[in-house]
Amino acid sequence: MVSSTNEVEAGIKTEYDRLSELKAFDESKAGVKGLVDAGISEIPQMFIQPPHIVDYKSKSRKTDYTIPVVDLQGIDRDPNICKQIVEQVKDASERWGFFQLVNHGIPVSILEEMENGVRRFYGQDVELKKKMYTRDATKKVVYNSNFDLYCGTATNWRDTFYCLMAPNPPDPEELPAVCREILMEYSTHIMKLGCSLFGLLSEALGLEKNHLIDMDCAKGLGVICHYYPECPQPELTLGTSKHSDDDFLTILLQDQIGGLQVLHQNEWVDVPPVHGALVVNIGDLLQASPFFIPSNDWGILIFWIKLETVKCDYEHSHGYLPL
């Protein structure tokens, strides 16, 4: 078949120029929130997920599974309770790689203020946030939308700011003023909790309590705060694509909106928000260690504490899902 030059040129002009759309979005430095604030009624093509992802998402919500819950109440008072908790952590880590953590010692007021701090950050004037917008991964404080913007198949409906809080934290002045104090306070609590979890995981592996800590597994802390604004076409996109975490351990603070799912026995399982609870996720680094290999494909284990989801479905998640 022979096409005229005009027909070929017309085809080129109508071809979707994804790179140009990505660059325009990135250079605006306004993120997904900027699109929502502009009042769009249709999402840009760069956010539309491939049909097989959308179809799978719509068919994967029915399940009888429930994510395990580990209760740390009494862990410091009774050795027998501590042994029971070690066994619960071992079982949840081997079978799921995820668990909800309750009575973990971090006051609910701290968790709520952390969520509020994230909301204050994203609620700032766009010109203030633009000053922090960067794709320089060497910086200790980074704000942008989609770290893999230029290499992902489809862009996620999400903005993010990230703070490297250990081992070499930024100067306090580098942190966003609207959430500076709570970021530092929350990080202190999370580091303490992370060390406690490493102790439990060490014992669950049949090791000395300080084994993983002595290996510097608890040395680093990254705080990632995601923002998932309400989407005008949630059936076409995702807040976070399916993934595993490239860390030792992720500790996730959900807001009360929901949308988080984890993969278990080849089924996506909803993780409903529990007020005051945290979700623990064993990361790739611990899963790949010779000490411990979970039985599912996603795993969970120990540290860089990140705040991230495994998958966030936008039919059910409109709002903030920080840390």
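## The four-stranded sheet

In what order do the 4 strands of the open sheet stand? In this predicted model, the order is S1-S2-S10-S7, and the pairing is mixed. Strand S1 (69-71) and strand S7 (249-252) are the edge strands; each has a single partner strand, so one side of each is left without a neighbour in the sheet. From one strand to the next, the twist averages 30°.

Strands of a sheet pair through backbone hydrogen bonds, in either a parallel or an antiparallel sense. S1 and strand S2 (residues 98-102) run parallel and are joined by 3 bridges. Within this pairing, Val69 stands opposite Gln100 in S2. Helix H8 (residues 180-204) packs on the sheet, where it touches S2, S7 and strand S10 (278-282). The direction of H8 makes about 130° with that of S7.

## The chain as a whole

The protein chain contains 10 helices and 12 strands. Of its 323 residues, 51% are buried. The chain exposes about 15,500 Å², and carbon and sulfur atoms supply 51% of this area.

Contacts also link parts of the chain that are separated in sequence. Among contacts between residues at least 6 apart in sequence, 76% join residues at least 24 apart.

## Helices H5 and H8

Two packed helices are described by the angle between their axes and by the distance between the axes. The axes of helix H5 (residues 79-95) and H8 come within 9 Å and cross at roughly 80°. The two helices, H5 and H8, are therefore roughly perpendicular to each other.

Which residues of H5 and H8 meet? On the H5 side they are Ile85, Val86, Val89, Lys90 and Ser93, and on the H8 side they are Leu200, Leu201, Glu203 and Ala204.

## Strand S5, an enclosed strand

Why is strand S5 (residues 221-228) described as largely enclosed by the rest of the structure? The reason is that 8 of the 8 residues of S5 are buried. In a regular strand, the side chains alternate between the two faces of the sheet. Both faces of S5 are covered. One side carries Leu221, Val223, Cys225 and Tyr227, the other carries Gly222, Ile224, His226 and Tyr228, and all of these are buried.

Strand S4 (residues 159-166) pairs with S5 in the antiparallel sense over 7 bridges. The loop between helix H9 (211-214) and S5 holds Cys217. Cys217 is buried, with a relative accessible area of 3%. Cys217 and Asp247 are 30 residues apart in sequence, and their C-alpha atoms are 9.5 Å apart in space.

## Aromatic pairs and a cluster

A pair of aromatic rings is described by the distance of the centres and the angle of the planes. The count comes to 10 aromatic pairs. Tyr122 and Tyr143 form an edge-to-face pair, at 6.3 Å centre to centre and with 65° between the planes. This pair links distant parts of the chain: Tyr122 is in helix H6 (residues 108-122) and Tyr143 is in strand S3 (residues 141-144), 21 residues apart. Tyr122 counts as buried at 0% relative accessibility, and Tyr143 is buried with a relative accessible area of 1%.

Tyr143 also pairs with Tyr133: the ring centres are 5.4 Å apart and the planes lie at 90°, so this pair is edge-to-face. Tyr133 lies in the loop between helix H7 (126-130) and S3, whereas Tyr143 lies in strand S3, so the pair ties together parts that are 10 residues apart in sequence. Tyr133 is buried, with a relative accessible area of 8%. Which residues form one aromatic cluster? They are Phe121, Tyr122, Tyr133, Tyr143, Phe161 and Tyr227. Tyr227 is also one of the buried residues of S5.

Strand S8 (residues 260-264) and strand S9 (residues 267-270) run antiparallel and are joined by 4 bridges. The bridge partner of Gln261 in S9 is Asp270.

S8 and S9 form a hairpin with 2 residues between them. In the turn, Gln265 has a positive phi of about 55°.

Methods. Residues are numbered from 1 along each chain as its sequence is written. This is a predicted model: local features need pLDDT of at least 70, side-chain atom pairs count only at pLDDT 80 or more; totals for chains, interfaces and linings use all residues. Side-chain values use heavy atoms; hydrogens and water are left out. Buried means under 20% relative accessible area, exposed over 50%, partly exposed in between (1.4 Å probe, protein chains only). Two strands pair if DSSP finds at least two bridges between them. Axes are lines fitted to C-alpha atoms, for helices over the stretch in contact, and angles run from 0 to 180 degrees between N-to-C directions. Contact means heavy atoms within 4.5 Å. Rings of Phe, Tyr and Trp (its six-membered ring) pair if their centres lie within 6.5 Å; planes under 30 degrees apart count as stacked, over 60 as edge-to-face and the rest as tilted. Accessible areas come from the Shrake-Rupley method with a 1.4 Å probe; for residues, only the protein chains shown count as cover. Angles under 35 degrees count as roughly parallel, over 145 as roughly antiparallel, 65 to 115 as roughly perpendicular and the rest as oblique.
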